[in-house]
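I opened the notebook to log what I looked up in this model. Entries follow in the order I checked them.

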Amino acid sequence: MIMRVLTVDDSRTILAMLHHTLSNAGFEVLQAEDGQQGLDVLKNESVDVVITDINMPVMDGIEFIRNVRASGMHNSLPILILTTETSQDKRDQGRAAGGTGWIVKPFDPDKLISVIHRVVH
């Protein structure tokens with residue numbers, strides 16, 4: 001079974017890097033450029049894991065995670081936060097919102113793949 005990953009980031013460069021890394025590792029990749037687009041994707045598609053940035057226009061990653069968790073349909077969906085943020089306060093906010101894990105940019109492709117496999121299985 002091919003795992004489906006939703007990546008949510010306002011940086012087209014990061015989206016391209018994630019798409020390249022994940023598709024080469026055998027994942028099917030869906031993408032959104034902000035939290036609202038991410039929610040729209042989740043209304044229509046099923047995914048195995050979400051990777052989201054925090055700092056985005058329209059709806060940031062923390063608000064996106066809160067909305068995903070509030071919907072009730074995705075309570076067990078792993079949500080990885082991929083961000084340049086390193087403060088403990090932001091980490092606490094991400095965890096409180098329902099984030100599963102925290103990865104600091106720039107990401108190591110092999111470690112990212114490993115974390116995805118760990119949180120999905």
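In which sense do β1 and β3 pair, and over how many bridges? I found the parallel sense, over four bridges. I count two strands as paired if DSSP finds at least two bridges between them. Helices (H or I, at least four residues) and strands (E, at least two) are DSSP runs, numbered from the N terminus.

**Ground rules.** I am working on a predicted model, where local features need pLDDT of at least 70, side-chain atom pairs count only at pLDDT 80 or more, and totals for chains, interfaces and linings use all residues. Residues are numbered from 1 along each chain as its sequence is written, and side-chain values use heavy atoms, with hydrogens and water left out.

**Sheet.** I traced five strands in an open sheet, ordered β2-β1-β3-β4-β5, with parallel pairing. β2 and β5 (101–104) are the edge strands, and each pairs on one side only. From one strand to the next, the twist averages 20°. Axes here are lines fitted to C-alpha atoms, and angles run from 0 to 180 degrees between N-to-C directions.

**Valine 8 and isoleucine 51.** I looked across from valine 8 and found threonine 52 of β3 opposite. Contact means heavy atoms within 4.5 Å. Beyond its neighbours within four places in sequence, valine 8 is in contact with residues including Ala32, Asp34, Val50, Ile51, Met56 and Phe64. Next I checked isoleucine 51, which sits in strand β3. Isoleucine 51 is buried, at a relative accessible area of 1%. Buried means under 20% relative accessible area, exposed over 50%, and partly exposed in between (1.4 Å probe, protein chains only). With neighbours within four places set aside, the contacts of isoleucine 51 include Val5, Leu6, Leu22, Leu80, Leu112 and Ile116. I also took the C-alpha separation of isoleucine 51 and glycine 99: 9.7 Å, for residues 48 apart along the chain.

**Cores.** A nonpolar core is a set of buried Ala, Val, Leu, Ile, Met, Phe, Trp, Tyr and Cys residues joined through side-chain atoms within 4.5 Å. The largest one has 21 residues, and Leu6, Val8, Leu42, Val47, Val50, Phe64 and Val68 have the most contacts inside it. β1 (4–8), β2 (28–32), α2 (35–44), α3 (61–71) and β4 (79–83) each give two or more residues to this core. α3 gives the most, with four residues. Apart from this core I found another, of 17 residues, among them Met3, Leu80, Leu112 and Ile113.

**Helix α2.** I listed its buried residues: Gly35, Gly38, Leu39, Val41 and Leu42. Seen down the axis of α2, they fall within an arc of 160°, so they line one face of the helix. The arc is that of the directions from the helix axis to the C-beta atoms. Exposed Lys43 and Asn44 are on the face turned away from the buried side of α2. The buried residues of α2 pack against β1, β2, β3 (49–52) and α3.

**Helix α3.** Which residues of α3 are buried? I got Gly61, Ile62, Phe64, Ile65, Val68 and Arg69. Down the axis of α3, these also fall within an arc of 160°, so they line one face of the helix. Their cover includes β1, α2, β3, β4 and α4 (88–97). Just after α3, I noted a positive phi of about 80° at glycine 72.
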